[in-house]
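Q: I have a model open and would like to learn how to read a few of its features. Where do we start?

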Amino acid sequence: MSDFDVVIAGGGVNALACAATLARHGLSVCVIERNANVGGGAITEEVTLPGFRHDLYGSSHVWIQCNEDFKAIQPELERYGLKYIEPSDHITGHPDRGGGPGIVIHKDIEKTCASIAQYSKADAARYRGVYADFEQVREGFIKAFFSPPAMPSALPRALETSEAGLRRLREFSMSARAWVESNFENDFIKAVMLNWALAPQILPDQEGAGQSFYIMIPAIHYYGQAIPEGGSMELPKAMARYVEAHGGKVMTRASVASVIVENGRAAGVRLEDGQEVRGRRATVSALDPKQTFLKLLGEERLEPGFASMVKGFSFGKISICRAQLALSEAPEFLNGADMSACPFHRIVDSMPQMIKFYAEIAMGVPPSDPFLWSACWTKLDPSRAPAGKHTLIFDTYVSNWLADGRTWDEIGEDYYACVLLPKLQQYAPNIAGDVILGHHIQHRGTLEAANLSFVEGTTNGGERIAAQLGSFRPFPGYAHYRSPVRDLYMTGPHCHPGGGISAMGTITARVMLDDMGIAPANFW
């Protein structure tokens, strides 16, 4: 039996961010991870050929750059191997095979607007206006993003006192599709903006997505799109080293079988090999809620109403089909040197394409004409491949169920060869033949096998619908990171603010430190 102040089930980025924040305040923490490596959704492996390092899941580290609690420990993490690399200029490219020049998102807002103005000066002005509005809400956004969520009435109450506020509230209530139709005039720009907004795996006609534009558009200019040198996994590896340097322990290949409950409180965990790891002050689960409450605690320990909420938690129906390529040369995009200079691309043709795409997903049909996201991180970080060589990620969303009864294990390779790769070649025709040195395909089957929290191949920690956002995430009455069991806390993408590499585990840690009387959270 081992004793620590806090024990954490799960070793993803959020679990380690929670552990590091607690360790910074003098608590001994044990992090327990089922897999061979820590990282959860931030894993880097050589899955194609030796020397080619591929980010298997999360790779773009945007939101973590505005997490003030993470930034406070970042200098120390750099001593343990973390080094962020950020594009100096070209951030995201949107190639256009329809005859236009394409759009390049630069760090500089004026250069970005100039790129958009090639399609529509009015749309460029609207983009600049949304960017300018961010300065008015930036401080509030950061506080709201990295604090327990406010009650659902907080935003309407703040905006309903003026005509301008009511107009903004109306915009916030729109679906992503309605918002872009109302705010932009050019079809290609509409498609680009819609594609951005749907990145958190929401649906185009899902109401309440309008407010995301006022964050997503400006954030890339304020915070950039940094990546860790050596791969996404260097972040969790550095945090694990930090925890151990501060008296903690990180266990891998160790699977949690149950949460130990004594005298009505969580007292630690029991591993599948029978070993007990005790948490004198608290226990944290970074696993998905169904694992945490139905498996590790057991339904018999739960009040029936809470058990019903856990069973009803929705992970959604959207998965990904992703190709990892080892390349002899970088992609060369049709829209010229500026487009090819971008390490990251969002590839979308038109609004009709987007509408058909999501219709096919809803019907359980593999999208016939998908949009793509691609990242050639070796343009920023040559250490991820042998000299002169490159890696490439490209993927699209797909339904995690198929109407014809087949599985993604059965069709994944064919979908890559017959749909995904030809689509990429419409924009980067050099990615063909001997340029492709090796490939590795990911889909629902591989995701489920890799991580139990990728339930049914979903990667976002739970469906981002209104009933599971803010004060409803993961459950009404439990958005404060505490559970119904005393001294059992929750962290991870199923909690607010949701998926993405944000290190939101710092919020759980601050709630715990406040509860323990160690450091006031100052949330409220």
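A: We start with burial: a residue counts as buried when its relative accessible area is under 20%. Note that this is a predicted model.

Q: Is threonine 506 buried or exposed?

A: Threonine 506 has a relative accessible area of 1%, so it is buried. Threonine 506 belongs to helix 17, residues 505-515.

Q: Which residues is threonine 506 in contact with, leaving aside its neighbours within four places in sequence?

A: They are Ala17, Cys18, Thr21, Asn67, Asp69 and Phe70. With asparagine 67, the side chain of threonine 506 makes a polar contact, side chain to side chain, at 3.1 Å.

Q: Now the sheet. How do strands of a sheet pair?

A: They pair through backbone hydrogen bonds, in a parallel or an antiparallel way. Here, seven strands form an open sheet with mixed pairing, in the order 7-6-14-15-16-13-17.

Q: Why is one side of strand 7 and of strand 17 left without a neighbour in the sheet?

A: Strand 7 (103-106) and strand 17 (436-442) are at the edges, and each has a single partner strand, so one side of each has no neighbour in the sheet. On average, neighbouring strands of this sheet are turned by 20° against each other, direction ignored.

Q: How many bridges join strand 13 to strand 16?

A: Ten, between residues 318-327 and residues 390-399, and the two strands run antiparallel. In one of these pairings, serine 319 has valine 398 of strand 16 as its bridge partner.

Q: Which strands does helix 15 touch?

A: Helix 15 (residues 408-425) packs on the sheet and touches strands 13, 14, 15, 16 and 17. The direction of helix 15 makes about 115° with that of strand 16.

Definitions and conventions:
Residues are numbered from 1 along each chain as its sequence is written. This is a predicted model: local features need pLDDT of at least 70, side-chain atom pairs count only at pLDDT 80 or more; totals for chains, interfaces and linings use all residues. Side-chain values use heavy atoms; hydrogens and water are left out. Two strands pair if DSSP finds at least two bridges between them. Helices (H or I, at least four residues) and strands (E, at least two) are DSSP runs, numbered from the N terminus. Axes are lines fitted to C-alpha atoms, for helices over the stretch in contact, and angles run from 0 to 180 degrees between N-to-C directions. Contact means heavy atoms within 4.5 Å. Buried means under 20% relative accessible area, exposed over 50%, partly exposed in between (1.4 Å probe, protein chains only). A polar contact is a pair of N or O atoms within 3.5 Å; within protein, one must be able to donate a hydrogen and the other to accept it, and residues adjacent in sequence count only if both atoms are side-chain atoms.
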